[in-house]
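I opened a notebook page for this structure. My entries follow in the order in which I looked things up.

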Amino acid sequence: MKTLVFLEHHDGAIQKGSLGVLAKAVALGGDVAGVLAGAGVRELADEAGRHGAASVWVADDERLAAPLPQPRVDVLAKLVRDEVFDAVLFAQSVLAADVAAGLAARLDAGLNWDLVDLSADGVGTRPALSDSVYLDVGWSESPRLAVFRSGTFDPAPTGGAAEVKEAAVELEDFSLLAEMVEQAHAEQQGPSIEEADVIVAGGRGLGEPEAFSLAEGLADALGGAVGATRAVVDAGWYPYSAQVGQTGKTVSPKLYVALGISGAIQHKVGMQSSNVIVSINKDPNAPIFEFSDLGVVGDLHAIVPKLTELVRARRS
Amino acid sequence: MKIAVCVKAVPDAASGRRIDPATKRLDRSGELAISEWDTYAIEEALVLREAGGDGEVVVVSLGPERAVDALRKALAMGADRAVLVSDPAFEGADLLGTATALAGALERESADLVLFGQQSADGGGACLWAAVADRLRRPIVSQVSELSVDAGSLTGKRQTEFGYDTLRLPLPAVVAVADSINTPRYPSLKGIMGAKKKPQETLGASDVGGPDRARTTVIALNPPPSRGEARRIEDDGSAAEQIVEFLAERRML
């Protein structure tokens with residue numbers, strides 16, 4: 001089996017989600033290659049090699065500098081056709097979803113998305129209808145395209161070296177029509193929620209925007225990132241880049257601490273696959289308690305400062 | 001300017017959504033409503049038409065014949081016309097089948113701008129637009145939270161994991177909007193009354209180029225994994241200590 005993993009990169013580093021999918025591909029076995037598309041991305045191939053890729057196809061071209069989907073579809077389509085890959089795997093992101101769907105259309109290939117697992121015999125697991133049911137999904141032919149829910153797999157640094165190969169860059173005219181006028185200026189401080197092993201998220205129950213400092217303090221003590229609910233992002237308390245839920249990011253960190261979050265379904269689908277969920281809420285009937293490993297009914301404003309102090313003492 | 005808005009009629013959230021264990025497809029036998037995410041795209045189309053002074057807004061959908069009732073809501077909001085692709089051949093269509101149907105219908109319309117909502121409310125997919133754009137060979141931008149159109153091009157602000165990108169695309173183009181872009185209007189009474197008289201067209205597989213075969217399958221339905229035993233405490237002043245103990249037990253510190 002030949003598998004190709006789309007290696008998304010930002011600010012000179014391959015995204016953790018992509019490296020996680022790469023680890024999964026390696027675990028499934030067969031011939032695993034990565035593909036890097038961008039400008040000045042050749043040196044990232046080493047990182048992919050250290051994370052298990054036997055080979056890395058590099059498409060290094062100024063026209064691929066902006067993180068736009070359509071030129072990447074062109075590169076991947078040619079590569080999949082020429083090299084006859086059986087599977088192409090992606091880690092969910094705004095960019096990856098558009099590349100995957102464009103590639104499906106171009107190759108007339110089947111795409112399954114939002115997967116949380118994939119077996120060696122080609123059966124994917126997809127939670128559906130707000131994760132109330134888990135579907136076994138498959139493909140009736142190759143190539144099989146799959147997008148995995150973000151944070152599903154951990155990277156596995158194996159220390160190998162990848163053979164670097166040149167991928168052809170032949171772009172369609174319509175792929176060059178979208179023009180990046182201004183690329184994202186990082187508005188977040190600290191680690192991003194998709195990369196973090198620990199997320200401390202805040203909701204309305206914080207009471208006021210200033211109280212996000214409680215979440216930030218605890219996140220800092222735990223070495224994690226700060227997340228937010230849609231309600232507080234809409235209210236302007238915290239930037240969208242931190243939003244967890246149906247209209248934000250889907251995350252699955254090792255630890256998710258929910259502060260003053262009721263646990264509305266729109267938030268739940270974005271975080272319920274976290275390994276361990278700890279929630280603090282003063283409302284004993286908050287739905288969040290139904291899917292928390294540890295639910296604390298109490299005043300977060302009293303508990304969190306003390307908790308932060310204890311965690312700091314413990315970790316120092 | 002002519003704007004086409006792709007919408008999906010989904011089982012009404014209020015009456016519950018389920019997957020039929022027999023067909024392994026979404027049960028669409030109950031009442032259908034326009035996916036809530038699509039109302040943002042409809043609203044944006046109406047705002048753009050109003051700003052431009054003239055133009056046409058056409059809603060385009062793939063679904064069962066009964067979906068016309070749901071499409072009427074788009075017409076009641078202010079869209080001018082509805083096109084429904086409905087054919088048994090498309091039952092259980094996967095991403096490619098759906099993209100084929102919509103692209104076929106959109107080819108007939110040759111709109112300047114094709115709008116999508118941010119995701120489907122039932123299938124959870126959030127990428128259909130990119131497949132449609134590829135079929136139409138048009139530029140695409142998704143997750144757009146601000147959109148302006150002038151003189152043959154559009155400028156869109158795209159929300160990504162890293163912040164906001166600003167992109168410029170020449171028309172015709174495909175845009176998927178985020179739900180932060182606007183607040184969809186409610187249909188007025190006049191709009192609801194007028195909707196019944198607005199043109200609605202139904203297309204079959206032969207009109208749009210039918211799907212050949214589904215390339216993805218649903219094999220089985222399983223219950224979600226259980227989370228294991230949950231612990232619940234009331235804060236008696238020692239909650240912070242108890243949380244630390246809990247985290248230490250799980251080697252989280």
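I call a residue buried if 20 or more other C-beta atoms lie within 10 Å of its own, exposed if 12 or fewer, and partly exposed in between, with C-beta atoms placed from the backbone. Helices (H or I, at least four residues) and strands (E, at least two) are DSSP runs, numbered from the N terminus.

The model is predicted: local features need pLDDT of at least 70, side-chain atom pairs count only at pLDDT 80 or more, and totals for chains, interfaces and linings use all residues. Residues are numbered from 1 along each chain as its sequence is written, while chains are lettered from A and ligands numbered from 1 in the order in which they are written.

**Helix α5 of chain A.** I looked up helix α5 (residues 212-222) and found A:Phe212, A:Leu214, A:Ala215, A:Leu218, A:Ala219, A:Ala221 and A:Leu222 buried. The buried residues of α5(A) pack against β14 (198-202), β15 (225-228), β16 (255-259) and α8 (300-315) of chain A; a contact here is two C-beta atoms within 7 Å, placed from the backbone. After α5(A) comes A:Gly223, with a positive phi near 70 degrees.

**Cores.** A nonpolar core is a set of buried Ala, Val, Leu, Ile, Met, Phe, Trp, Tyr and Cys residues joined through C-beta atoms within 7 Å. The largest has 137 residues, and A:Ala100, A:Ala104 and B:Val5 touch the most other members. Helix α4 (residues 94-107) of chain A gives the most to this core, 11 residues. Apart from it I found another core of 49 residues, including A:Leu222 and A:Ile277.

**Domains.** Chain A is divided into domain 1 (2-176) and domain 2 (198-315), with bounds from an automatic or database domain assignment. Their centres, taken over C-alpha atoms, are 31 Å apart.
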